[in-house]
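Colleague: I am new to models of this kind, and I would like to learn how to read one, feature by feature. Please give me the general idea each time before you turn to the case itself.

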Amino acid sequence: MNTQQDPETDGQQPVETSKQPYLSSPSIPDHDGRSDSSEGERPPLPPRPNTLSLLSDETGSRTALQAEATTAISRTDIETQSPEAADSAYSTLAVRGLGQGPKARASLSQLASPRGSEAGDSASIRSSIPNGDPGEVEALFMDFASTAPGSQRQGATGLLDFPEFAADDIDDDGILSEFEAVGELNEEGDNEGLLLQRWKAKRKHYVILSAAGKPIWTRHGDGGLISGYVGVIQTIISFYEDANDHLRGFSAGDTRFVVLTRGSLHLVAISRMMESDNQLRLQLEALYMQILSTLTLPSLTHLFSVRPSTDLSRPLQGSETLLSSLADSFTRGSPSTLLSALECLKIRKQHRHAINNALLKTKASSLLYGLLVAGGRLVSVVRPKKHSLHPGDLQLLFNMVFEADGVKAGGGESWIPVCLPGFNSSGYLYMYVSFLDIRDDIENSAEITKDESVAIVLISPDKEAFFEMQAMRDALVEQMERNGSLKEIKTAIDIGRPATTDIVPGTVLHHFLYKSRANVQFTMSSYAPEFSSVTRRRRLMSMYNNLHASIHAKNTHVKVHHCVSRSATSFGWVTPVFELYCIADPNTNRNALAQSASKIAQWVQREEERLFIIGGAVF
Amino acid sequence: MSEAASANAPKPSSSVKLVLLGEAAVGKSSLVLRFVNNDFQENKEPTIGAAFLTQKCSLPTRTIKFEIWDTAGQERFASLAPMYYRNAQAALVVYDVTKPSSLTKAKHWVAELQRQASPGIVIALVGNKLDLTNDGGDVSEAAGAAQDESESAQNGEEGAGEEDEVQDAVSGDARKVSTREATGYAEEEGLLFFETSAKTGTNVVDVFTAIANAIPESSLKTGRGTGAGTGQTSLGNRSAEDSRVNLGDRNAATAKEGCAC
Ligand SMILES: Nc1nc2c(ncn2[C@@H]2O[C@H](COP(=O)(O)OP(=O)(O)OP(=O)(O)O)[C@@H](O)[C@H]2O)c(=O)[nH]1
Ligand SMILES: [Mg+2]
């Protein structure tokens, strides 16, 4: 087992505390010589606004980011990029930091490249943007294209037809069994071996334990079954703590362990999937937020200060399903978590305006936030001027409302105490949830899928405000029925996300993710038809995870990243305004790729006010 | 059945505020799901916070619209309970016949209701999951034990006496709380008593009908008209009138400002 200490990237620990050099698994051939490896640092993600700007007051600084033209943005990038930066960027491009196994690396290193000798770099091919005159977008990419090596692949097949990463070498059944319970010990205890075998077969584990070593929650297997393993984790973590050091992650074979410590809690992610440490860490942060959301920070702190050996699983009782559904959405692959951004329902500006007005008109006096959400996509928000909403809080709410069954299966309206840690981690708010049936045929309402369900979520600090919120909901629905908004929402849901070819006819792109950095929102093309199955979707997300990790690797000032592999071509483009990630067939011509990407970016800019909530309703 | 479909001639209609209380996982939500949608889910997720549902129940002389608070049984939500039972006219205190600790918890709830809820509150003690016992394996109506029929229901099939039930002697019988013990307690405290199965539907509607009948006429506020809805909260059949009834009541009770239209 190789351990790796990672200094806190947020600066709490100086870099020098990293006493051990990074050691890769010995079975991995010649990938270790990358210049960055010895630093032993995990690449931090770029700074992100932690509030939705539409819901934030500090618009001043952000308006500066509004793009007029893509080229203008590119120029800024290019001019700030020094040759040294470009060099170091180049050397850190490989998939470092991802918990991939030897097989994954092997498949990546099969990539043909004129720089085949630089094995680490062969995995991904980056062209640094020239320092000269950026010129037209197309010209820029043309330049880029000319420096990239040929991409002809031997035995290339269709898009993501086979797993690019060993971690994804799994079929639909395999992925579905990932979410199945391992089962319980029988009375004789003679099935322990079988259960442990099932437990070890899982590709992804989350373990939350207290500093005292008590298991608090595990995604798979109960505390009794795996207490031995939890003990080992606890021992390893405390070994470093005793030395006044923080263990941030380590590898064992093809498995990556990432540790996040928050107060008296250790959160551990164990992954054999294509995810970087930072991506795993974000997932652990979200789980921690869920715990705070259930307990609030003061009561969590209090519990442990009174009794360090507190068994937290009791106070958390009932929120296990929330933790599990959150964890499973990460395992299935969540663009929202990857990008730390929210998705909105695409509707016309005037329709969104009408909904905003309905929200403002019907606003109850004790309302804090009002949200209209269609299948996890935000339709409209109303909020007080001085309070912004945090994407992390919304992620928790959406998970509770749309992913976990507890609320939806209740059948009626719900009234739920929640702490929104991003808003205020020390107290509860009260959330009213009502699902709307906006379909004409009410009989088969059971068939309404997650993506089609529409919820009104009204949040108040007053725990007695249920009937007030209910009255607001009724008034709001009446308004939206009268001004046709409900019909518009229904239409927008029916239309769904556009296919890439709807946006750019004949495009080579099969899928894209676009994040508007200023709005902290993202948009994407439809999964269907190519990425409808769990397996394909998981492979797609692995491609994105890989692309995202490479482009955000520490010290790289990469703006464009092009990765060719046997089953797909992926392409990332980052500017101060947006991040665009696209997937195309292997063998895709780079000019076509670049042209399509810039057309997508132009399309988003044209449709910005339909795709994103800009401003929102403020009172 | 409880659907108000039979209302050719308009009957007076009144609403009854009802709260369900009881330990986690005893089947509160399942009882409500059976009553409102005549449905059952094998693996129902725990309720978070509380759910509010409505359902009409037709009596010979009037229609009762239940406004139901299905509360979460988990300990961490217990402090919110007073909010839900404070104005309730009826309470369903549920335990699980296969789990003795849940009856203890039910007794605590009964005591709290008697201390803190409105004095006239109608309380029904409900032992759920009857299907897991020998006298509930059959869907026959006789399996359930209403207050005054409990004796005969006992001897329903296989002659499973209470002694056997308590000792879990008969194979396949998971009963851990005897009907006699629960009836005795219910009689002492003046509660309605039923054993139910949300899974098979045994006795579920009966509980709600019995409650509807037990609410004194005097405490029934008559609503306007009979309404045509089935009480689901879907858009199609939720009339603005319904909500106005709620609004009025609640505004009076909490002295809160109404909707800020
Ligand atoms: N066999 C059987 N199982 C039942 C019955 N009623 C409920 N269950 C099961 O018991 C479990 C808990 O039921 P719920 O209705 O969620 O219990 P609850 O009282 O609402 O639980 P909380 O919301 O956590 O307070 C579920 O898995 C149900 O399927 C019943 O009558 N018979
Ligand atoms: Mg429940």
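Modeller: Let us begin with surface: accessible areas come from the Shrake-Rupley method with a 1.4 Å probe, and for residues only the protein chains shown count as cover. For chain B the accessible surface comes to about 10,900 Å², and 49% of it belongs to carbon and sulfur atoms. Chain A exposes about 23,300 Å², with carbon and sulfur atoms supplying 50%. This is a predicted model, in which local features need pLDDT of at least 70 and side-chain atom pairs count only at pLDDT 80 or more, while totals for chains, interfaces and linings use all residues. Residues are numbered from 1 along each chain as its sequence is written, chains are lettered from A and ligands numbered from 1 in the order in which they are written, and side-chain values use heavy atoms, leaving out hydrogens and water.

Colleague: How many helices and strands are there in chain B, and what pattern does chain B follow along the sequence?

Modeller: Helices (H or I, at least four residues) and strands (E, at least two) are DSSP runs, numbered from the N terminus. Chain B has 8 helices and 6 strands, and their order along the sequence is β-α-β-β-α-β-α-β-α-α-α-β-α-α. In chain A there are 22 helices and 18 strands.

Colleague: What share of the residues of chain A counts as buried?

Modeller: A residue is buried under 20% relative accessible area, exposed over 50%, and partly exposed in between (1.4 Å probe, protein chains only). In chain A, 60% of the 619 residues count as buried, and in chain B the figure is 52% of 261 residues.

Colleague: Which residues is A:His205 in contact with, leaving aside its neighbours within four places in sequence?

Modeller: Contact means heavy atoms within 4.5 Å. With those neighbours left aside, A:His205 touches A:Trp199, A:His220, A:Val268, A:Ala269 and A:Ile270. A:His205 belongs to strand E2 of chain A, residues 204–210, and counts as buried because its relative accessible area is 7%. For chain A as a whole, among contacts with a separation of 6 or more, 72% are between residues 24 or more positions apart.

Colleague: Which residues coordinate the magnesium ion?

Modeller: Donors are N, O and S atoms within 2.8 Å of the metal (3.2 Å for Na, K and Ca), and since water is not among the atoms, sites may look incomplete. The magnesium ion, ligand 2, is coordinated at 2.0 Å by B:Ser29 through OG and by B:Thr47 through OG1. B:Ser29 lies in helix H1 (residues 28–37) of chain B and B:Thr47 in the loop between H1 and strand E2 (50–58), so the pair ties together parts that are 18 residues apart in sequence. B:Ser29 is buried at 14% relative accessibility, and B:Thr47 is buried at 13%.

Colleague: At what angle do helices H12 and H15 of chain A pack?

Modeller: Two packed helices are described by the angle between their axes and the distance between the axes. Axes are lines fitted to C-alpha atoms, for helices over the stretch in contact, and angles run from 0 to 180 degrees between N-to-C directions. Under 35 degrees counts as roughly parallel, over 145 as roughly antiparallel, 65 to 115 as roughly perpendicular and the rest as oblique. Helix H12 (residues 320–332) and helix H15 (residues 391–403) of chain A pack at about 100 degrees with axes 10 Å apart, and are therefore roughly perpendicular. Residues making this contact include A:Leu322 and A:Phe330 of H12(A) and A:Leu396 and A:Met400 of H15(A).

Colleague: Are H3(B) and H6(B) roughly parallel or roughly perpendicular to each other?

Modeller: Helix H3 (residues 100–116) and helix H6 (residues 179–189) of chain B pack at about 5 degrees, with axes 12 Å apart, and are therefore roughly parallel. Among the residues in contact are B:Leu103 and B:Lys107 of H3(B) and B:Glu181 and B:Tyr185 of H6(B).

Colleague: Which peptide bond partner does A:Ala528 have, and what is omega there?

Modeller: A cis peptide bond joins A:Ala528 to A:Pro529, with omega about -5 degrees, and A:Pro529 sits in the loop between strand E14 (521–524) and helix H20 (534–551) of chain A.

Colleague: Is A:Thr296, with its positive phi, buried or exposed?

Modeller: A:Thr296, although not a glycine, has a positive phi of about 70 degrees, and at 6% relative accessibility A:Thr296 counts as buried. A:Asn244 is not a glycine either and has a positive phi of about 55 degrees, but A:Asn244 is exposed, with a relative accessible area of 69%.
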